[in-house]
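Hi,

Here is the structure I promised to pass on to you. Have a look at it first, and then read on for my notes.

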Amino acid sequence: LTLMSEVSTFVSDHKTTILAALGLSVGLFGMYKLTTHEDVRAAWTIKHKLWTTLFSSQEDHVAYYYTELGDDIQDDFAYESPNQKRQVNADTADSLWLNVGYWKHAKDYKTAGKDMALLLAKTAGFKPSATVLDVGCGFGEQDLLWASEFGVKISAIDLTPVHVDIARKRISARSLENLISCNLGNATKLEFPDNSFDHVTALECAFHFKTREDFLKEAFRVLKPGGTLVIADLLPKKDKKINGFLQKLGRWYTFIPEENMYPHETYAKKLEECGFLETVFMDVSRDCFPGFAYYGTGKQRIVSPVHRLPSEFIENAYLEWYLYSGVEEYHIIKAQKPN
């Protein structure tokens with residue numbers, strides 16, 4: 001009876017939201033022709049998304065999103081030709097990147113994912129035995145690379161249980177347990193003491209955090225004096241419209257909180273307010289979005305460097321991201337905690 005009373009009160013207090021969600025559910029569900037497994041899966045994903053929007057936390061939303069995504073991105077991008085496409089065994093796969101990639105010199109997705117991780121490491125200035133907290137680690141691909149290439153000691157955390165499970169298996173398979181630990185964790189509520197790490201990294205995940213600003217405060221707290229925060233992040237452009245219907249729907253579907261939709265100028269101020277000094281923003285949009293978009297078309301699995309892509313394709317790559325999320329810039333961000 002108590003539960004029924006609480007549900008009744010909730011429904012009464014959120015009647016408008018529930019009706020709107022149900023209406024949207026019917027409309028979106030009707031867009032699908034349920035004739036294939038993929039169509040059924042898409043429809044059920046929308047149904048679950050509506051349910052979690054009403055009754056779950058942002059952390060649950062993001063964990064569900066990436067559980068559903070699984071290693072699908074590898075199915076699409078890991079092979080040099082469509083004929084090589086196969087189901088990835090996540091435990092033994094050669095690589096499991098979950099980022100847009102850095103395409104300045106890369107000609108395939110595996111290299112682009114690796115180059116993005118190396119760009120973060122170079123920006124942070126990794127040295128042997130340095131301590132690193134990697135938040136939103138995904139399958140831990142960058143952690144395997146960083147430990148092997150630079151000899152850093154990494155504490156990796158992620159909200160998604162399947163990510164942590166697979167990352168642990170891959171760490172063990174490479175005998176890197178002495179350098180990498182991986183656990184479930186929330187980037188906005190870090191369970192580490194003050195002044196614990198030389199570096200904190202967030203590879204293409206901070207835009208999901210509710211809120212990103214809470215993460216920045218926590219990163220500042222756990223960094224040692226003189227430590228660095230390095231983030232690869234997606235941002236809107238200053239003074240551009242970002243509240244169109246498709247943009248807000250896209251952010252809702254991919255779990256990007258509205259609180260995180262601010263340009264890099266505002267981002268820099270938030271870092272300074274947290275106490276960081278010497279903040280640097282490097283816009284690498286041109287070396288990220290077009291290559292990822294072109295490689296994903298399936299027309300040509302090995303691409304030329306992105307600066308050689310047709311200009312109209314590059315413009316459309318930016319436009320697609322902007323139209324369906326409001327995001328239009330990709331930045332590598334570095335900030336230092338004062339000594």
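The sulfur of Cys 137 and its closest cysteine sulfur, in Cys 182, are 3.8 Å apart, which is too far for a bond. To count as a disulfide, a pair of cysteine sulfur atoms has to be within 2.5 Å, and the structure holds zero disulfides. As a reminder, a disulfide is a covalent bond between the sulfur atoms of two cysteines. Cys 137 is buried, at 2% relative accessible area, and Cys 288 is buried too, at 0%. Here buried means under 20% relative accessible area, exposed means over 50%, and partly exposed is in between, with a 1.4 Å probe and protein chains only.

Some ground rules before you go further. This is a predicted model, in which local features need pLDDT of at least 70 and side-chain atom pairs count only at pLDDT 80 or more, while totals for chains, interfaces and linings use all residues. Residues are numbered from 1 along each chain as its sequence is written, and side-chain values use heavy atoms, with hydrogens and water left out.

Now the overall picture. The protein has 13 helices and seven strands; these are DSSP runs numbered from the N terminus, helices being H or I with at least four residues and strands E with at least two. Of its 339 residues, 50% count as buried. Contact means heavy atoms within 4.5 Å, and among contacts between residues at least 6 apart in sequence, 73% join residues at least 24 apart.

On to the sheet. The seven strands form an open sheet with mixed pairing, in the order E3-E2-E1-E4-E5-E7-E6. Strands E3 (180–184) and E6 (277–283) are at the edges with a single partner strand each, so one side of each has no neighbour in the sheet. From one strand to the next, the twist averages 15°. Two strands pair if DSSP finds at least two bridges between them. E2 (residues 153–158) runs parallel to E3, joined by five bridges, and Ile 157 has Asn 183 of E3 as its bridge partner. E4 and E5 also run parallel, with six bridges; there, Phe 197 is partnered by Leu 223 in E5. E5 is largely enclosed by the rest of the structure, because 10 of its 13 residues are buried.

Helix H9 (residues 212–222) lies across E1 (131–135), E4 (197–203) and E5 (223–235), at about 155° to E5. Helix H11 (residues 264–274) lies across E5, E6 and E7 (329–336), at about 155° to E6. Axes are lines fitted to C-alpha atoms, for helices over the stretch in contact, and angles run from 0 to 180 degrees between N-to-C directions.

Leaving out residues up to four places away in sequence, Phe 281 touches His 264, Tyr 267, Ala 268, Leu 271, His 331, Ile 332 and Ile 333. Its C-alpha is 9.6 Å from that of Ile 231, 50 residues away along the chain.

Helix H7 (141–150) is worth a look as well. Seven of the 10 residues of H7 are buried, so this helix is largely enclosed by the rest of the structure. The buried ones are Glu 141, Gln 142, Asp 143, Leu 144, Leu 145, Trp 146 and Ala 147, and their cover includes helix H6 (109–124), E1, E2, helix H8 (161–173), E3 and E4. After H7 comes Gly 151, with a positive phi near 70°, in the loop between H7 and E2. Gly 151 is partly exposed, at 25% relative accessibility. Apart from neighbours within four places in sequence, Gly 151 contacts Pro 128, Ser 129, Trp 146 and Leu 179.

Finally, a helix pair. H10 (residues 245–253) and H13 (residues 311–325) pack at about 80°, with axes 5 Å apart. That makes H10 roughly perpendicular to H13, a label that covers 65 to 115 degrees (under 35 is roughly parallel, over 145 roughly antiparallel, and the rest oblique). Leu 246, Gln 247, Gly 250 and Arg 251 of H10 meet Tyr 322, Leu 323, Tyr 324 and Ser 325 of H13.

Cheers
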